[in-house]
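Student: I'd like a close look at one part of this model. Could you take me through it slowly?

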Amino acid sequence: MEVLEQLYKMTAFSSLFSEPGIIIMLIIGCVLLYLGIAKKFEPLLLVPIGFGVVLANLPGGGMGVVDPKLIELENGHYMNLFEIAHEYGIMNFLYYSLIKTGFLPPIIFMGVGALTDFGPMLRNLKLAFFGAAAQIGIFAVLLAAIFLGFTPQEAGSLGIIGGADGPTAIYTTIKLAPHLLGPIAIAAYSYMALVPVIIPLVSKLLMTKKEFLINMKEQDKLYPSKYEIKNLKLVKIIFPIALGIVTAIVVPSSVPLLGMLLFGNLVKELGTLTSRLADAASGPIMNTATIFLGLSVGATMTHDVFLKGQTLGIVVGGFLAFAISIAGGILATKVYNMFSKKKINPLVGACGLSAVPMASRVANEIALKYDKNNHILMYCMAPNISGVIGSAVAAGVLISMLQ
Amino acid sequence: MEVLEQLYKMTAFSSLFSEPGIIIMLIIGCVLLYLGIAKKFEPLLLVPIGFGVVLANLPGGGMGVVDPKLIELENGHYMNLFEIAHEYGIMNFLYYSLIKTGFLPPIIFMGVGALTDFGPMLRNLKLAFFGAAAQIGIFAVLLAAIFLGFTPQEAGSLGIIGGADGPTAIYTTIKLAPHLLGPIAIAAYSYMALVPVIIPLVSKLLMTKKEFLINMKEQDKLYPSKYEIKNLKLVKIIFPIALGIVTAIVVPSSVPLLGMLLFGNLVKELGTLTSRLADAASGPIMNTATIFLGLSVGATMTHDVFLKGQTLGIVVGGFLAFAISIAGGILATKVYNMFSKKKINPLVGACGLSAVPMASRVANEIALKYDKNNHILMYCMAPNISGVIGSAVAAGVLISMLQ
Amino acid sequence: MEVLEQLYKMTAFSSLFSEPGIIIMLIIGCVLLYLGIAKKFEPLLLVPIGFGVVLANLPGGGMGVVDPKLIELENGHYMNLFEIAHEYGIMNFLYYSLIKTGFLPPIIFMGVGALTDFGPMLRNLKLAFFGAAAQIGIFAVLLAAIFLGFTPQEAGSLGIIGGADGPTAIYTTIKLAPHLLGPIAIAAYSYMALVPVIIPLVSKLLMTKKEFLINMKEQDKLYPSKYEIKNLKLVKIIFPIALGIVTAIVVPSSVPLLGMLLFGNLVKELGTLTSRLADAASGPIMNTATIFLGLSVGATMTHDVFLKGQTLGIVVGGFLAFAISIAGGILATKVYNMFSKKKINPLVGACGLSAVPMASRVANEIALKYDKNNHILMYCMAPNISGVIGSAVAAGVLISMLQ
Amino acid sequence: MNENIELALLLLLVGMVTVFLVLILVYSLGNAIVRFVNRFFPEGEQAIVASQATGVNQKHLAVIAAAVATVTGGSGKVLKVEKES
Amino acid sequence: MNENIELALLLLLVGMVTVFLVLILVYSLGNAIVRFVNRFFPEGEQAIVASQATGVNQKHLAVIAAAVATVTGGSGKVLKVEKES
Amino acid sequence: MNENIELALLLLLVGMVTVFLVLILVYSLGNAIVRFVNRFFPEGEQAIVASQATGVNQKHLAVIAAAVATVTGGSGKVLKVEKES
Ligand code: NA
Ligand code: NA
Ligand code: NA
C-alpha cells in the first residue's frame, strides 16, 4: 500500500490531472518537433525548443525555467549561479547563466559572422539601402501592440520579430521582456521557416506583372555602373573593422550583437591566419550555443507562462511584422523606381527582411517563375545581408530607449 | 639563509613529511594512471581522474576540492563562483560550477545518447525486460549498506554503482552524498572496466553448460516472431520523443539524465537535419565534459576525504552491487525459461547490467567459447541498452525519495 | 527636434568629443589589428585583442571591462556572475568568469601541452639547463621596476614578460596586478612576435663569429654521448606524470599552469587511448579559450586604464626583460664553454627564452647564415621547451611570494 | 536504524516496481510505435532518409566528401552527388 | 497610454532614421574602402591571399589535404603544395 | 622602498635557485626515466605503440582514413588496416 502511495507521489500523474495546461504544452512541444522534423522548419532550433518544451512541462523533472522573482533576494541582489543550480536544477543553471545574461545570442552572432560573406553586398552596395526600408514592420507592429495594451517593452520585443533574425529577436526580448522569450523565439523562427510562403503572398499582393519581370542583369547592361572592386579580399578585411567602429559610435547599444558578428566575419576573412578561431566560432561554439539556447528557450515555455492571450497576440503580431517588413522593402523599391531610370525588381527589396539566405532564394525562384532567365539571387543578397545589420541596429535603438 | 627558508616554505616538503596520507594518495593516483594506461581500464576517465588525484593532493597547489562547508555562508547562502575561484582556485571553480551543480553528467548523457543506437533494442523489445531485473544489485547493496551503518543517502550512492553506468552513478552521488563522489566514481568506472572479468565469474557460478549453449538464432527459427519493422528510421525518431514524455510522467526525477540522453539520441537519428547538433553533443561537448569531469572527480580525492574505512566499504560494496546485478539478469532469464518454450541464453540477461557495449561483447565471447557458431551479440544489445534506462530510472527513484 | 535629441543621446558622439583618449585607443586597436593581420604578429591573439580594444572603448556599448572595485560589495563579498552580466554586460561576464578567475590560461596551457613534443628535450637533456639561465630577465626587470617605483606585484607582472610565454604572463598578472593585464598581455605577445628581430639583435651584440660557427653535430661526433633512448614512447608517457609530481612538490604554486600543461601532454602521448581528450584540449577548448581570452584582454584596455605612464614603462620594461633573458641564455652557454671541451653554440642557449618554436627557428636560421651546413634546430628545441617550464616555475615563485 | 531498514525495503520495492514499470512501458511504447509506423508510414519518408541510390562510385564519393570536408573546414558537407546523365 | 503611443511614434522615427543612417554609412564606408583599396592596394597582398596557382592537380590536392587533416586530427593543415620542378 | 628592493633581491635569488633546481630535476628525472625504461621496457609495449607495419599502401590508407572520418562525422577513426592474406 505504502509502495503504491510512494509510487503515485513520485510520478507526475497527479499534476497531469490537475493541470490540463500541461497536456496542451506537450502537444505544442510535439507540434514544434513535427514542424522541425517533418516540415524542416529550422530544425536546428525547433527540435531543441520542442524537446525543451516537453522536458520543461512535466512537474517534478525540475527542467522548467522558474520565474525570475524566485531568484531575486532582498535589496537588489540575486541568487548566485551555484545556488540557482542547487535549488532549481541544471536547466535554470543554463538559462540564468547563458540566456538571461544575454550571452548566447551574441555568441551565435559571432558564428553567423564567421559564416557570412559580405561580398555580394559589397558588389551591389546601393541595394543595401533596401535593408533599411524592410525594418518598418518592427516599428509598425510596436505601435500597434502598444495600442492593444502591451507595455512598450513587450511591444518592442514583439515588433522585433519583424526583423526576421532569430538571435536579434532573442537578445532584444531578453533585455526588454524576458517573460515573453518562449513565444517570441518560436514566432521568430517559425516565420523565418515560413518565408517561402510569406514572401510570395506579400509580393503578389503588391507587385504588378511588369515589376516581377524586371531583369536586373539587363538593367546593369543598360546602365552599367562604374564601380569595380580590384582587391575584394582586402576590402572584405577592412570592411568589418571599419563598420564595427562606425556602428559602435552611432548605435553603441547594438555592439554586443553587431560587434560579435563583425568579429566573426573578420576572423573568417583572414583565412588561414585565424582559421582556428573562425572554425571554432562557426563550429563547436555556435553548435553548442544552439543546443543550449534551443533547450533553454523551450524550457521557458511552461504552461503557466505560455498559455495566455498574449501568446496569441504574439503569433498574430509577429506575422504582421514579417509581412509589413516585406511590404516595406517592396514599396521602397517601387518608390525608387519612380525616380530612377535604372529599375530594380521589387523582389530584391523584399529581401531586405533578412532571413539570410532563404529570402534571396525564394525571391529568385519567384523571379524565375515569371522569366526563366531572370536570375536575381546575387542582387537579392545585398539587401538580405544589410537587413541583418538593419535589424540589429533597430534592436539597439529599442534596447537603448526602452531598457 | 633567508633564501633557503623561503625556498622551504614555498615547497610542499613540510606537508609531505607531516601528512603520510599524501604519499599514499600519490601512489593511488599513479595506480589509477597505470590501470588507465597500461591496462586500458576506461582510459578516457581513469587518466584524468588519476592525474587529478596527483594534482589535488600536493598542498600549496590549490588544486584539491575543498569541503563544501567552506563555501557555505550564514543563512543558507553560498559563496558565488567568482568568490570560489578567487579563494580556492580553478579546480574548485570547475568542481562547484560544473560538478556540484549536477551539470556535467546530463551533458555527458546527451553525448552518450548521440552515440547510442536503439535499433538492436527495438528489434528485440522483449529482451529489454531483462534490463530491469539487472538493477536488483542497486537495491540489494543499498539494503546491505544500511545494515552496515551507512546513511540511506550514502547507501543509495553506493548501491547505484550496481547500475554500471558512470554518469548515472556520479549524478546520483552528487545529489545524495557528494562527499563520496571520488571513491564511487572510481569504483563505478573500475568495475565497468572489469566487466570482462566479472561477467564470466558470475555466469560460471550460476549457469549450467546447457544454458551456455542456448542458441538464440535457432530459437528464433523454431519460434519465429511475427514482429517486423518496416520503417526503422521513423520508429527511431518517434521512439526517443515518446519515451521522453512517458518517463517524464512516470519518473520525473530521472528527466535530467534520461531526457538529455533521449534528446541526444533524437538529434542523432534526425541525420543531416540536425547533424551539427549531434556532432557537437558527441564531440567537443562530450570530450570537454569528460576532461573536466575526470580532473574534478580526481580532485575530490584528497587524502583527508579518501583514506577512510568508508572507501573500503565502497570498493567491496560496489563489487557486490555489480555481481548481484549480473546475477539478477541471469536468474530472471532462468525463471523466464521455466515458463517459456522459446529459451533465452542467460548470458543475454546478464547484459541487463548495462556497461554498453562491453557487457554484450563479453557475453558474446563467452557464448562463442561454448559454441563457435552461437553469435548472441545482437540479442545482448537489447537488455544492455535497456539497462541504461533501467539504472537511470533507479537513480531517479533514489533521488526523489532520498534527497 | 526630440528625435534629433534622442538620436544624439543614443550615439556615442558626445563622449567621443569629451574623451580624446577614446580616439587614441581606437587607433591603438587598429594598430594591433594591423600588426596581427598585415605583419602576422601572433594573429590568433592580436586580432581578438585589437578587436576587443575597438569594441571596449566606445561608451554605451558596455563592452569594456569595469574596475574590479565596482563588483566588490561590503564585507569582502563580490557581485555574483549573474549580477555582473546583468549590470555590466557580456564582456564583463566573460572577463570576471573566465579571466579574473585565472581559469583560461591553465586551460590554454592544457592545449599547449597537447601540442608539445618533449622528444627533442629528452634527447638532449643537458641542454635543458639553459632554459633556467634564460629566466634571469624576469628577475632583473623586476628589480629595475621596483627601483622605478612599481609595487612588487606590478614589478613581478612586468618582469614575467621576460618569460616569453603568453599564458604564463597573463596568469601571473591576473594573480598579482590585474589592472595591468592589457598592456602586459600586449607586450608579451608583441615581443614574442618580435623574436625574429630581438634574437639576432642580442646575439650579434654578445657573440663572436667563432661562436656563431660552433657546429653542434660535429661536437656530437667529437664527443659522442652514451645516452640512448630505447623506448621513447614509454619515456614520453612516464615523463609528464613524474615531472608533474616533482614540480608539484617543489613549486606547488606553479601547478595550475604546469600541471595542466603536463596533463595535456600526457593525453597526447597516450595516442588513440585518449585521443578524444587530446583533440578536444588542443582543438575546440583551446580555440574557444583563445577567442575569449583575446577579446577580454582587449576589453580591459579602456582609455582610462591604458593611457598612463605605466603602460610606457611596461612597453620598455618588457622589451628589456626579453633582451636580458636572451642574454642570460647566451652568457650561460659561454660560461659553460669555458669549462667544457664539448662546445655549445650560444644560439642554443638563447632559445632558453622559450617562445616555442619560433626562437629555435630563428636561431637555426642565424646559424645557417654563418655556415649553411650548421643545422641546430633540434638542439635549440631542448632549452626552448625547458624554457616554458622555467618561466612557469618563475611565475610560481612570484605568485607564492607576492600574492 | 530500524527506520532506515524499513526505508531500504521500501526503496527496494518501489525502485524495482518502477524499473519494471518503465521497461514495460518501453516495450509497449516500442511495440505501439512500430505498429503505428508499419501501418501509416511503411515506406519511409524519402525526405528524412537521404538514401543515395545514384550511380556514383562509392569510393569516389568518399574521397570527394573527405576533400570537401577539409576544404570547407568541416562547415560544408556533401549532401548529394548525382551523375550527370 | 497616450504617453506610450507618443513613445512608440518617437521610436518609429528615431528607429527608422537610425537604420537608414547606418545603412547610408554602410554604403559610404563600403564605397570609401573600395576606392581606398583600389587606389593603394589594387594588386592584392599575396601574403594574405594564399592563392595556389601551382601546377598540382586540384583533385590530388583535395585528397592530400583530406588525408593530412585526418591523420593529424585536424591540427595539421596543408598550407601549400608545390610541384617539384 | 628599501624593503621592496630587499624583497626583489630575495625574489631574484629564490627564483633563480628554484628555476635551476627544477631544471636539474627535469634533467635527473628524464635521465632516470630513460635508464629505467631502457632497462625494464626496452622493447616498447606493442599495446601502446600502434605501429602499423602492415603491407597496406600508405597512400590508400590516408584516403580511407579521410573518407571514414568524413562519413562518420569524425566519430569513427581508422585504428588498424590489414591486408587480407
Ligand atoms: Na532584418
Ligand atoms: Na544498468
Ligand atoms: Na621562458
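Student: What percentage of the 85 residues of chain D count as buried?

Tutor: Keep in mind that this is a predicted model. In chain D, 34% of the 85 residues count as buried. The chain's secondary structure is two helices and zero strands. Its accessible surface comes to about 5300 Å², and carbon and sulfur atoms account for 59% of that.

A:Glu2, A:Glu5, D:Glu3 and D:Glu6 form a negative surface patch. Helix 1 (2-10) of chain A and helix 1 (2-40) of chain D each supply at least two residues of that patch. Take A:Glu5, which sits in helix 1 of chain A. Its relative accessible area is 49%, so A:Glu5 is classed as partly exposed, given that exposed means over 50%.

For a contrast, stay in chain A and go to the sodium ion (ligand 1). Its protein donors are A:Gly163 (O), A:Leu353 (O), A:Ser354 (OG), A:Gly387 (O) and A:Ser391 (OG), lying 2.5 to 2.8 Å from the ion. Along the chain, these donors follow the spacing G-x189-L-S-x32-G-x3-S. Pick out A:Gly163 and A:Ser354, a pair that links distant parts of the chain, 191 residues apart. A:Gly163 is in the loop between helix 10 (152-159) and helix 11 (166-176) of chain A, while A:Ser354 is in the loop between helix 21 (346-350) and helix 22 (358-370).

Note on methods
Residues are numbered from 1 along each chain as its sequence is written. Chains are lettered from A and ligands numbered from 1 in the order in which they are written. This is a predicted model: local features need pLDDT of at least 70, side-chain atom pairs count only at pLDDT 80 or more; totals for chains, interfaces and linings use all residues. Side-chain values use heavy atoms; hydrogens and water are left out. Donors are N, O and S atoms within 2.8 Å of the metal (3.2 Å for Na, K and Ca); water is not among the atoms, so sites may look incomplete. Helices (H or I, at least four residues) and strands (E, at least two) are DSSP runs, numbered from the N terminus. Buried means under 20% relative accessible area, exposed over 50%, partly exposed in between (1.4 Å probe, protein chains only). Accessible areas come from the Shrake-Rupley method with a 1.4 Å probe; for residues, only the protein chains shown count as cover. Patches are made of residues with over 30% relative accessible area and no salt bridge: like charges are joined within 9 Å, nonpolar side chains (Val, Leu, Ile, Met, Phe, Trp, Tyr) within 5 Å. A salt bridge is a side-chain nitrogen of Lys or Arg within 4 Å of a carboxyl oxygen of Asp or Glu. Lys and Arg count as positive and Asp and Glu as negative; His and the chain ends are not counted. The place of a charge is taken as NZ of Lys, CZ of Arg, CG of Asp or CD of Glu.
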